[in-house]
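The sequence and the structure are shown first.

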Amino acid sequence: MDAQQKAFIMKQVTRFSGYSLLILTSLILIAPVFFMVVSSLKVDAEYLTYPIRVFPTTPPQWRNYQLVFTMTPFARVALRTAVLALSTATLSALISSMVGFAFARYNDVKGNKQLFGLVIAMLIVPFIVILIPQFILYARLKLTNTYWPWILGALAGSPYNIFMFRQFFLNFPKELEDAAEIDGCSPFQIYWRIFLPNAKPVIATVMIFGFINVWGDYLMPSIYLNASKTLLGVTLASAFKNPQGFDLKTISLAASVIYILPLIIVFFFGQKQILKGVVTSGLKG
C-alpha cells in the first residue's frame, strides 16, 4: 500500500469518525425533545408509570394540544410576548448598531478604547448580580407591572450586540467612508445609508437572539409583572392543574412543545445569518 492510498484511507476514517460524532451528539441533543413530544400525546397515568415507556400504548391524546388553548388565553399572551420580544429586539439592534458604528469608525477619539473596554467588561457581569438593584430602581420609578423595564433595557443597548456591530464595522474599508464624506454625507447618513444596510447578517443575528431572550424568559416577567400582564413563559408554568391542584403533566408538555416551536422555526430560517454574522464579526480586532 503506497502513501497515497494510506492518506486516502486516513481521510475516509477521519471523515467517518467526524460524522459519527456529529450524529451521536445530535441524537443526544434531540432525545429529550423527542421524548417531550411523544409524552405530550400520553395521558398522565401513562406518563407517570414505571418503568418508563417511550411510546404511548393508548391512542395519541391530541386533545392535550386543544386544552392548551382552552385552559389558558394562549393566543393573546403569545401575541403580547411576541410583540414585546420583536420590539425590544429591534430597538436593541438599532441602538447597539449606532454605538458599534461609533466605536468602530471613530476609534481615534479620546477615551474610545477605555469606553469599549468598559462595554466588554459588562459582558462578564452576571445578570443576577444587577437584578435586585435594577428592580429597586424600577420600583422607585413606579415602572413595575409595566413593560418599560424591557423597553429601557433595549434603549440602553446590549454589550454583546455592540461588540458584534463594532467588529463587523471594522471590516469596512476607510476609502468607502471617505468617498461618502466627499459626496457630502454626514456621519449619520454614512451609518444609515452605507453601513447599516450592509450589516444584515449581524442585524439578523442580534434580533434573533434578542427575540429568543424575551420569548424564553421566565425570571423577569415573574418579578416585574402580575398575572394579568405577564408573558407566555410564566403563564404556561403554572396554568395547567386539575381541580385538586395537581399539575397536568402531559398538557404542560404539549404547551412546552408549542412554546418552543417558534424558537425552532426562527433559528431554522435564521441559522445561516447567525453563522455568517458571528463569523464576519470576528475577522478583525
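## Helices H5 and H8

H5 and H8 cross in a left-handed sense. The model is a predicted one. Helix H5 spans residues 112-122 and helix H8 spans residues 159-169; the two pack at an angle of about 130°, with their axes 8 Å apart. That angle makes H5 oblique to H8.

The contact brings Phe116, Val119, Ile120 and Met122 of H5 against Pro159, Ile162, Phe163, Arg166 and Gln167 of H8. Sorted by class, the residues of this contact are seven nonpolar, one polar and one charged.

## Helices H9 and H10

Helix H9 (residues 174-182) packs against helix H10 (residues 187-195) at an angle of about 120°, and their axes lie 10 Å apart. The pair is therefore oblique, and the crossing of H9 and H10 is right-handed.

On the H9 side, the residues in contact are Leu176, Glu177, Ala180 and Glu181, which meet Ile190, Ile194 and Phe195 in H10. This contact has five nonpolar and two charged residues, with no polar residue.

## Helices H4 and H10

H10 also packs with helix H4 (residues 74-105): the axes of H4 and H10 come within 11 Å and cross at roughly 110°. Angles of 65 to 115 degrees count as roughly perpendicular, and H4 and H10 are therefore described as roughly perpendicular to each other. H4 passes H10 in a right-handed crossing.

From H4, the residues Leu94, Ser97, Met98, Phe101 and Arg105 take part; from H10, their partners are Pro187, Phe188, Ile190, Tyr191, Trp192 and Phe195. The class division here is nine nonpolar, one polar and one charged.

Helix H6 covers residues 127-140, which amounts to 14 residues. From its first C-alpha to its last, H6 reaches 20 Å, close to the 20 Å expected at 1.5 Å a residue.

After H6 comes Lys142, a residue with a positive phi, near 60°.

Terms used
Residues numbered from 1 in each chain as written. Predicted model: local features only at pLDDT ≥ 70, side-chain atom pairs only at ≥ 80, totals over all residues. Heavy atoms only, no water. Helix = DSSP H or I, 4+ residues; strand = E, 2+ residues; numbered from the N terminus. Expected span 1.5 Å × (residues − 1). Axes fitted to C-alpha atoms, helices over the stretch in contact; angles between N-to-C directions. Parallel < 35°, antiparallel > 145°, perpendicular 65-115°, else oblique. Left-handed = near helix turned anticlockwise from the far one by under 90°. Contact = heavy atoms within 4.5 Å. Nonpolar A, V, L, I, M, F, W, Y, C, P; charged D, E, K, R; others polar.
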